[in-house]
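I opened my notebook to look up a few things in this model. I start with how its pieces are named.

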Amino acid sequence: MGASPRDSTPIDTLGIFAAIIGEDAALSLVVRFGGRKLYIPKDPPSAGELVEVIGEHAALVLARRFGGTHFEMPLERGKRERIIAFSTQAKPLPVREIARRVGCTERHVYQVRRQYLRNGVALPLPADEPADRRQLDIFGPADPTTTEG
């Protein structure tokens, strides 16, 4: 016998919703309701917050399946995913802007980026965060103008 929605942890909730209404809609719920309880009404009003966030069709799908149920919405997973998304886009945002948009500290952005880098994935630098040219690139090619001795 599987766990009921009332037994779900916040991370399970994201997975359950993603399987039913898609990952984008589930992440939209995390962005809006992260860290709070989300009530899925049996008959979501068309002018309600749930419909505003994920659209009428997805709200009705959730209502059919879980109407009358409260869910604990995850907080960090949604933030982490958005920090990574903002950091890996073609023109990455500066850390300060990512923190503002995600609603966290700059320190948290740096922590998430550092964890991501530990997994072997390089993050591009935003234009306003140039690499410090005084630092040696220990993984890049040797500078041909220097001699080793």
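Helices are DSSP runs of H or I with at least four residues, strands are runs of E with at least two, and both are numbered from the N terminus. This is a predicted model, so local features need pLDDT of at least 70, side-chain atom pairs count only at pLDDT 80 or more, and totals for chains, interfaces and linings use all residues. Residues count from 1 along each chain as its sequence is written, and side-chain values use heavy atoms, leaving out hydrogens and water.

Entry one: glutamate 97. I found glutamate 97 in helix α6, residues 95-102. Its side chain makes a polar contact (a pair of N or O atoms within 3.5 Å, where one must be able to donate a hydrogen and the other to accept it) with the side chain of arginine 100, at 2.6 Å. I also checked valine 109, 12 residues along the chain from glutamate 97; their C-alpha atoms are separated by 10.0 Å.

Entry two: the largest core. A nonpolar core is a set of buried Ala, Val, Leu, Ile, Met, Phe, Trp, Tyr and Cys residues joined through side-chain atoms within 4.5 Å. Buried means under 20% relative accessible area, with a 1.4 Å probe and protein chains only. The largest core has 22 residues, and Phe17, Ile21, Leu29 and Ile54 have the most contacts inside it. Helix α4 gives this core its largest share, 6 residues.

Which residues of α4 are buried? I listed Ala58, Ala59, Val61, Leu62, Ala63 and Phe66. After α4 comes glycine 68, with a positive phi near 90 degrees.

Conventions: Buried means under 20% relative accessible area, exposed over 50%, partly exposed in between (1.4 Å probe, protein chains only).
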